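Visitor: Hi, could you walk me through this one? I'd like to start with the metal site.

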Amino acid sequence: MVSNPARQKTGLFASSPLPQLTTLVMDLVFPPTCVHCGRVDVPWCAVCSAELDMLPLDIHLADLAGFTASAATGLHEGILQSAVQAFKYYQAPALALPLGRRLSASIAAQHWTFDMLIPVPLHPKRLAERGYNQSQKLCEVVADMTKIPCITNALMRHRDTPHQVGLDRQQRLENVADAFTADTQQIADKTLLIIDDVRTTGATLSACAAAALAAGARSITALTVGVARG
Ligand SMILES: [Zn+2]
């Protein structure tokens, strides 16, 4: 994987009064490069796009506290990891389509049915920083393909939490405990599929499940694009 620190710097200027001009200047000085292969000019290139489309499903099932079932469409490594990183950090929301397609194919392969799809919510502050919730983008693609409704206001993140990177499992659990609340009126007695981009320790998903169970959900399943090798 090829990273381009110069591109990451553009995020620091997100609150600039002239963000588009800043981005334009940064693009001229530091042309974007493909997150996976390093080709110049785009954060995600056509060659990697074709490779991602050819990547077979590699469904990983796991037991996760609070969930009826938990699955990922593949290991969080190689091109799948790069695609998720490009999608999440390099302003490449178009990747929601191929990644959402993998999620939809996994639901079909498991013969799963649900009353609703729920994205892992971002705190409003992080949403403002990034401009979009990557889980919601995935969820909307899956909703379109499966015709299961995506409900975005049934689960809320009411407490901002520090970034999870670098924390061990116990620290992550403490970091996200009680960060979420769920709307009983919308989810009581419903079967839910919670969607996220990556499962690392499962701490965030388990905190979501705890909130949904407390609000009376009948069953909760988790599905992520990737899962970290345990
Ligand atoms: Zn590439």
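Guide: Happy to. One term to begin with: donors are N, O and S atoms within 2.8 Å of the metal. Also, this is a predicted model.

Visitor: Fine. How are the donor residues of the zinc ion spaced in sequence?

Guide: Their spacing reads C-x2-C-x7-C-x2-C. Cys 37 sits in the loop between helix H2 (19–29) and helix H3 (46–54), while Cys 48 belongs to helix H3, so this pair ties together parts 11 residues apart in sequence.

Visitor: Which atoms coordinate the zinc ion?

Guide: The SG atoms of Cys 34, Cys 37, Cys 45 and Cys 48 do, at 2.2 to 2.3 Å.

Visitor: And what geometry does the site have?

Guide: Tetrahedral, with angles of 103 to 118° among the 4 donor atoms.

Visitor: Back to that pair. Is Cys 48 buried or exposed?

Guide: Cys 48 is buried, as its relative accessible area is 1%. Cys 37 is partly exposed, at 30%.

Visitor: Where is Asp 41 found?

Guide: In the loop between H2 and H3. Asp 41 counts as exposed because its relative accessibility is 53%, and the cut-off is over 50%.

Visitor: And what about phi of Lys 147?

Guide: Lys 147 has a positive phi too, near 65°. Its place is the loop between helix H7 (134–146) and strand S4 (155–157). With 66% relative accessibility, Lys 147 counts as exposed.

Technical notes: Residues numbered from 1 in each chain as written. Predicted model: local features only at pLDDT ≥ 70, side-chain atom pairs only at ≥ 80, totals over all residues. Heavy atoms only, no water. Donors = N, O, S within 2.8 Å, 3.2 Å for Na, K, Ca; no water. Tetrahedral: all angles 85-135°; square planar, octahedral: opposite > 155°, others 65-115°. Helix = DSSP H or I, 4+ residues; strand = E, 2+ residues; numbered from the N terminus. Buried < 20%, exposed > 50% of the residue type's maximum accessible area, 1.4 Å probe, protein only.
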